[in-house]
Structures are given as structure tokens and as C-alpha cells.
Amino acid sequence: MPTAIAVTGADLVLPPADPQTPNAAVLADPGARSLDDSVTELRRLVDRFGHVLVVCPASAPRAVAHRLHTVRGLLESDRIALVRPDLPPLGTAVLVRQLRQLSACDFSPGVLASAARLLAHYIHPGAVLGSVSRLDRVPVTLGSHLKSWLPGAHFAVLAGPSPRIVRVGADESDLPGPGFATRLLIARGQLATEWPTTSLAPRWGVAGPVEETALPASSAGWWGTSKLVEFAAYLPDLPVLHRLVASVRRETCHWCGLELIGDRCGFCAAPLPSASAPAASGHPR
């Protein structure tokens, strides 16, 4: 039975990549239900699937994360993993879909949970913004702040893996793209620009047509403005994702006994006793 993937918001659930992609369970807002209801909700998922990966963005309200930790503690369950990606909303939604794809494969729950950190490294999330004056999640130089007051100025911001901010039409060559084949997903806010499709996609060598989806509800808050077009370049093919995760040496958690990859267990968060962490064997192909 596939490991269940749960999310803290419906806007983190993208359409399935293929008919075999399992859906994600959307947990109710803790402000809209009692603690007992939240406990029952997660207990049912654990009873049905055995293990549950709850994806809660690092930027989520503190009350959401607090409720999840409380419920996990009350259930006294070592079968609930809390995944806290530090990605923009659209990038997080892409990560959730990749975890959904991989949950139907032969990976153990521990490997799947710890794979989230690896997969996030291969997502290139960003946005085109009408202003960076309220952007506080990516380092902004004084020059960029000053330029954001110029009429008609647009900025391309890359949130990771190497954060960058460039002015559209001026220094776009300083926006490093993936060193491997990707697809590009965009979500339009209140900024009228085709730059991601006409300039970014060709520069990054995006494979296939640019996909579009609805803008996540939390995007405007994350980027500091509603005048944006959010984008994320990602690995779309399940065989490539499978090889990427399978290429990493597996360890056994000394605390809970689950398999893991990387340097920390995805379920109990215990680090590997060794100081050296296993690494992926090169770029995906």
C-alpha cells in the first residue's frame, strides 16, 4: 500500500502527472476544527496507509505546525513524518507531486520521507515580480530595492538552489538554470508578462511546452506582492526521479530503525551517527 502524502493546503495539490499518480490528503485548517478532530483525521490516515508524510511548508503559520506536532505527540506514532520544505508555494506543490509519484513506487516510507530534501535541491523555483520592496525571503540588495521604484521595472527572482535577483531586460544572463532537462510550470498573478515563456524557458532549455496552473493562495504573501508570475523548473519524469532517489546509499536509522537516505531520518529526525552523509551519484539523466 502506498505511503500516504498529506498536505496542509489544497493549493499544494497539483493535477496528477499521470493516471498512476496518487492523490494527496488535504488536512483541515486547525482554526476550523477541534484538536480531537485533527487527531481523528490523522489516525484514520495512519490506520489506512500505515505511514503518512505530512508536507507543511516552512512558511506555514505557526499554529499549523504547532497543531501537527501536538497531534503527532498525542498519537505517540512513529509512522507520521513532518516534511517542512523551505520552498516557495509553487515549488512546494511541485515537490508534493513528485512525492506522490514516488509513493507508488517500491521505496520504503523512510526513504520516501528523507528523499524530500534531495528532490527539493533539483527544483528551481522563482517568480517575476513588479517590485522587490517587500521581498524578505530572498536577499535583496540596496540597488535592487532602488530599481524597484522605477516605472515598469520587473525583476526575475530565483529562490533556489542559488538565490539570485536580476532585472528583466538588463542582466538576465546572471540567472543560472538547471544543468539538466526540466519542464517549466508557471502560475499567473496580477502581473502582465510573458517573460517566463518567451525568455526564461528558451534560456534554460526547457523540454516541452510551458505548463500553467492556478496561483497558490499563499504566493502573494511569500513573494511580498500580488503582482507576480511564479514559476518552477522541475524533473517531470518518474523514471528519472526514481533513479535519482535510488542512486543514494541507504542507511538504517539508529533510533527508529527505518531506512533513510541523506544525513537525517525523515520520521524521527535523528541524524546519522557518522559525520559524513551519503550523496547522490551525479546529475539525473
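Predicted model: local features only at pLDDT ≥ 70, side-chain atom pairs only at ≥ 80, totals over all residues.

Student: What is the phi of Glu76?

Tutor: The general idea is that most residues other than glycine have a negative phi, and most peptide bonds are trans. Glu76 is not a glycine, yet its phi is positive, at about 50 degrees. Ala269 is another non-glycine with a positive phi, of about 70 degrees. Ala269 sits in the segment after S12 and is partly exposed, at 39% relative accessible area.

Student: Which residues of H1 are buried?

Tutor: They are Ser38, Val39, Glu41, Leu42, Leu45 and Val46. Looking down the axis of H1, you see these buried residues within an arc of 160 degrees, so they line one face of the helix. On the face turned away from that buried side are the exposed residues Asp36, Arg44, Asp47 and Arg48.

Student: What do the buried residues of H1 pack against?

Tutor: Their partners are strand S1 (4-7), strand S2 (25-26), S3, helix H2 (62-75) and strand S4 (80-83). For a view from S3, take Val52, which lies in that strand (residues 52-55). Val52 has 0% relative accessibility and therefore counts as buried.

Student: Which residues does Val52 contact, apart from its neighbours within four places in sequence?

Tutor: Among them are Leu42, Leu45 and Val46, which are buried residues of H1. Val52 also touches Thr3, Ala4, Ala6, Arg79, Ile80, Ala81 and Phe267. To see how the fold brings parts of the chain together, look at Val52 and Ile5: they are 47 residues apart along the chain, and their C-alpha atoms are separated by 5.9 Å.

Student: Next, the sheet. What is the strand order in the open sheet of six strands?

Tutor: Reading across, the order is S7-S6-S5-S10-S8-S9, with mixed pairing. Strands S7 (164-167) and S9 (211-213) stand at the edges with a single partner strand each, so one side of each has no neighbour in the sheet. From one strand to the next, the twist averages 20 degrees.

Student: How many bridges join S8 to S10?

Tutor: Six bridges join strand S8 (residues 183-188) to strand S10 (residues 228-234), and the two run antiparallel. As an example, Leu185 has Ala232 in S10 as its bridge partner. Helix H3 (residues 89-103) packs on this sheet, where it touches strand S5 (124-129), S8, S9 and S10. The direction of H3 makes about 30 degrees with that of S10.

Student: Finally, the cysteines. How many disulfides are there?

Tutor: A disulfide is a covalent bond between the sulfur atoms of two cysteines. To count here, a pair of cysteine sulfur atoms must be within 2.5 Å, and the count comes to zero. For Cys105, the nearest cysteine sulfur is that of Cys265, 20 Å away. Cys105 counts as partly exposed, at 24% relative accessibility. For Cys268, the nearest is the sulfur of Cys253, 3.4 Å away, and Cys268 is in no disulfide. Cys268 is partly exposed too, at 27% relative accessibility.

Technical notes. Residues numbered from 1 in each chain as written. Heavy atoms only, no water. Helix = DSSP H or I, 4+ residues; strand = E, 2+ residues; numbered from the N terminus. Buried < 20%, exposed > 50% of the residue type's maximum accessible area, 1.4 Å probe, protein only. Contact = heavy atoms within 4.5 Å. Arc of directions from axis to C-beta. Pairing = 2+ DSSP bridges. Axes fitted to C-alpha atoms, helices over the stretch in contact; angles between N-to-C directions.
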